[in-house]
Amino acid sequence: MNLSVLLGKELREQWRTYRLLGMALAFVAFAGLLSPIVAKVTPELLKNLPTGTGQTITIELPEPTAVDAIAQYLKNLTQTGIIVLILVAMGTVAQERERGTVVTVLSKPVSRLSFLMAKFIALTLTLAASLVLATLACWTYTVVLFGPFDAGVFVRASLLSALYLWVFLAVTFLCSTLTRGPIAAGGLSIGIYALVSLLGIVPRIKPYVPAALIEGATRLALGESADAGRAIATSLIAVLACLILAHWTFEKREL
Amino acid sequence: MTAILCEDLTKHYGTVVGLQSLDLSVPDGAVFGFLGPNGAGKTTTIKLLTGLSRPTSGRASVAGYDVTAGNAEMRARIGYLAEEPAFYGWMTGEEFLTFVGRLFGLRGGDLARRVREVLEVADLGPAARRRIGGYSRGMRQRLGIAHALINQPSVLLLDEPCSALDPMGRKEVLEVIEHLRGQTTVFMSTHILADVERVCDTVGIIDHGKIVAQASIEALRERYAVPVFVIEFEAAPEQMSVLANHLQRQPWVASAEASEGRLRLYARDLAYARQTLPPLVIASGMTLLHYELTAPSLEDVFVHLTSASALTSASALTSASSEMSDAAEARQ
């Protein structure tokens, strides 16, 4: 089975082209480390806000807690995290087509399914490694700044956010398979992200969109039930649908 | 045994005809030159033979395996070099060959030995541990040939292997191909006639998506090439053009053209031309430098077969080509 050979190449590529390092550093810095700090200092910054007329407005905010740090962490993941993820994943198939390396590999005894699977698994592992590091960094910093916090809750909230990111990883992967170049794949992915975010505004659809996973994660941090079963189900179906569609279109594609 | 067989192979891209009812048979062990002008359908044919593209109709087989389904068993037995081979620039040459070897199921000592062998064939030993991103074009082309050979293929498909190379790079690649004679069947597409004459023993000529001839180079020369008079003058181009135009109007002349101080004349009636042409040359008043009735070159055959007039008689040529194909196979 050539899947293991292809996966080995993909993982080495993630490492040697600094994609793994880039994603891990961005996740750790912008989500893992920055979130607890922002949660801690925001009330201080807002306390004496200058108006520009020489006076100051005093905004009194409640004392920040670990829950604020987690909420900030989840928010950063859904914004900066998504952008980093799209940048790393948008070229995965499209760039190989653009450069012609896809022909080099697929003229060998390699199935197109193995080719795609290796890429998606490698991207998933890169995302997982980055999230584990970011979660560890965030939890450590949260404990340092705010005191002890239940690690189990943190892990469950992170798993929900991981599923959220995995959905958009699958979407970007599909776009990379559909388009001829990484830029087009990235643009299409951002467009779909914006569309899905807009769909979340509709009350009847809201419990099913990936954003409901992040709301569920926030509820977990507050000690409530996640109530994200429907979003988990639709997200898993969305990932599967993206992979099936990616394979179907790639099998038919002339190279 | 037939290494490559195409039967009524057709490929349309929307309304554009890439390939039209291609019938082709390449005998085992041949170094086959697939010759045609740009856009004739050479790359389309090779992509169909590798299974990277699907035919609109017809069928093809390589090394005895049907390729229209693009099956992995067939691909395990072929080597393929694209016109512009693409590699992973972050890998070293050795890493890339090891990766490709693994895709063919090679492991351990066999893999290491085979990588060393193909590096040697492609003369890339000293650069094996350098990143491919830093390779010259010639080195990349040789790496492409090395990777196409790693599985010791029964059939090697090369798409324009020398078109982008400088003379030294071309020489190196052609030497590698010559080295393969007798070891594997080589199917090489090109529009460079000199390369075909140097390394190929059989050629197929394709034009506008159709095969117009297939035979050994000698058989093609004998069958199709019209003897050509080559005459060189020390004269102004305008004077030579006047003479060429005058000759062109003669009934015994098929064509006459002047360029770069040289006049090339194809005669319809060779015996008559031998008698009539010298007095006309002398009467032109230009200083004669060279006068020769040359043996036909492959270029003459190529020009003849890919010209519009040749296309109108395509049916006659096709029937003749099968006759010569048999002769070529007998030669093998």
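Predicted model: local features only at pLDDT ≥ 70, side-chain atom pairs only at ≥ 80, totals over all residues.
The secondary structure of chain A consists of ten helices and two strands. Along the sequence they follow the order α-α-β-β-α-α-α-α-α-α-α-α. The C-alpha trace of chain A spans about 70 × 40 × 40 Å along its principal axes. Of the 255 residues in chain A, 49% are buried. Chain A exposes about 11,900 Å², and 70% of that area comes from carbon and sulfur atoms.

Chain B contains an open sheet. Four strands form it in the order E2-E1-E4-E5, with antiparallel pairing. Strand E2 (16-27) and strand E5 (65-66) of chain B each have a single partner strand and stand at the edges, so one side of each has no neighbour in the sheet. Strands of a sheet pair through backbone hydrogen bonds, in either a parallel or an antiparallel manner. In chain B, strand E1 (residues 2-13) runs antiparallel to E2(B), and eight bridges join the two. B:Cys6, for instance, has B:Leu24 in E2(B) as its bridge partner. Helix H1 (residues 42-50) of chain B packs on this sheet, where it touches E1, E2 and strand E4 (57-62). The direction of H1 in chain B makes about 115 degrees with that of E1(B).

Key
Residues numbered from 1 in each chain as written. Chains lettered and ligands numbered in written order. Heavy atoms only, no water. Buried < 20%, exposed > 50% of the residue type's maximum accessible area, 1.4 Å probe, protein only. Areas by Shrake-Rupley, 256 points an atom, 1.4 Å probe, with all protein chains shown as cover. Pairing = 2+ DSSP bridges. Contact = heavy atoms within 4.5 Å. Axes fitted to C-alpha atoms, helices over the stretch in contact; angles between N-to-C directions.
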